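Student: Could you take me through the reading of some local features in a model, starting each time from the general idea?

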Amino acid sequence: MMNEVIKINDAINGFVWGTVGLILLMVTGLICSVITGFFQITHIKEWWKNTFGIMLGKARIVNDAGALSQFRVFCTVLCATVGTGNIAGVSTAICVGGPGAVFWMWVAAFLGMMIKYSENVLGVYYRRRNNEGAWSGGPMYYLQDGLGAKKQFKGIGKVLGILFCIFTILASFGIGNMGQINKITINIESAFLSDIDVGTYLGISKANWWIGIVLTIAAALIILGGIRRVMAVSEKLLPIMVITYLAGCLVVIVMHIGTIPAVFASIFRLSMGRKALAGGAAGTAVQLLFNTMKNGCKRGVFSNEAGLGSSVIVHCNSCAREPVRQGMWGIAEVFVDTMVICTMTALVVLSSGTIDLATGYAPEGINDATLVAKAFGMSLGRPGEWFVALAITMFAFTTVLGWSFYGAKAVEYLMGISWSRIYRVLFVFLVVVGALIESNLAWDISDTFNGLMMFPNLIGLLVLSPLVVRLTRNYIDRRIKGKDVEPMLSYDPNIQSETERAIEKGAD
């Protein structure tokens, strides 16, 4: 029976994360870019000013007791998004697809910017207050009230919203919790305890037990305190975590600064596939090209989660009054995650000599599991490997914090606020389980549910794309061109009126 489960999961996973799923993602990203006039480029000054400009300058103050600052929301989202994919995912892309995969990772990120933008725009437009006065939003709401409001999709929107929530909850237990904790445990043992015999308890290493217990206590103190505590911790941890990792990357890159031109040459030259330009058979060349594209795009999407609809659940708690303004934070999110952090990881790997820049292949004995650690180790010695282990620990743990909120909001949509509190307790309990179990099947199944989240979400994005265009044009006309037109702020007339009054009072 277990073999049948594995076969079924492999088939679904191959479909979700295979050619069909990735093409759907890329096509959606291209459509979202085209219909908005490539907003990520044509209005780069506008989205930069309203995201990074707020961080570097005076934050916009909005009087909204049920919302949180845009910066705090951004930190929480990045904590959930920036995870092991930014380190292990990049190394996998390079090992399987060669240096050229980095180019396609950039392509996926470029298109993913407008997917995230569109998700956030729709999320804020269709959000509403829950019984406690806090904002609730996400794909399930714009599927129910946006997609479901169309005659030909009546009833389907609600079903897709429910499916999205079920997939989110199941993925949160695996990819968002136990999978991350398991990765932390493996890395800590490998980096710091490989030469120490700590003994076993119930057939499991005592190190696993202690790591699991410590992480469970830390998770409980934060997650059970509610979303405001999760966001407060994220706001403190994220800048330290990202700046420290980028500083470490810069040290290695500077040590090999002379190789950087060759690195970029290799990325662009091999973007058509390893050996694809070496005069091989046409069929082989096409296959190699597709392999490079597929792995670069897949790992890019896996890292920044564009199209999955997960991060919009947090973005909807922002104090931003304008749907488009919160959409801009989605662009910034993908930029930081992939264009900055993933690129820095790739430059470390490719500049350190762990990959043959001429052929794109790693030397014998180096694989995707050890590539980044080996790259830091070759430059900084054993401390470099410790640095990678600690970075993965921080990235993975903050991912757990963010996903606890995704799952709680999905449970709230399905069963109410009281059940979301029960969910948080179960989520915390599973942290210690993640440190103890070894089976890969649980991770494979949760990876499948993670990918399944994008199908209902992308259907909603594609059908509601004309609304995204109208909201974007409305914002540009009012905020950039200075035209006197009626603002489009919410699907709900009451929220629309409330928001208009707040803007008139200057709470923008």
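Predicted model: local features only at pLDDT ≥ 70, side-chain atom pairs only at ≥ 80, totals over all residues.

Student: How many aromatic pairs does a search of the whole structure find?

Tutor: A pair of aromatic rings is described by the distance of the centres and the angle of the planes. Rings of Phe, Tyr and Trp (its six-membered ring) pair if their centres lie within 6.5 Å, and planes under 30 degrees apart count as stacked, over 60 as edge-to-face and the rest as tilted. Searching the whole structure gives 25 aromatic pairs. In one of them, the ring centres of Tyr-423 and Phe-427 are 5.7 Å apart with the planes at 40°, so this pair is tilted. Phe-103, Trp-104, Trp-106, Phe-264 and Phe-268, for their part, make up one aromatic cluster.

Student: Where in the fold are Tyr-423 and Phe-427?

Tutor: Helices (H or I, at least four residues) and strands (E, at least two) are DSSP runs, numbered from the N terminus. Tyr-423 and Phe-427 are about one helical turn apart because they are four residues apart in helix H19 (residues 417-436). Both Tyr-423 and Phe-427 are buried, where buried means under 20% relative accessible area, exposed over 50% and partly exposed in between (1.4 Å probe, protein chains only).

Student: What covers the buried residues of H19?

Tutor: The cover includes H10, strand E4 (204-205), helix H11 (206-223) and helix H18 (382-415). Thr-185, which lies in helix H10 (residues 156-192), counts as buried because its relative accessibility is 1%. Leaving aside residues up to four places away in sequence, Thr-185 touches Asn-208, Ile-211 and Ala-435, contact being heavy atoms within 4.5 Å; Ala-435 is among the buried residues of H19.

Student: Which residue has a positive phi near 50°?

Tutor: Most residues other than glycine have a negative phi. Phe-38 has a phi near 50°, a positive value in a residue other than glycine. Phe-38 is found in the loop between helix H2 (19-35) and helix H3 (39-42), and with a relative accessible area of 31% Phe-38 is partly exposed.

Terms used
Residues numbered from 1 in each chain as written. Heavy atoms only, no water.
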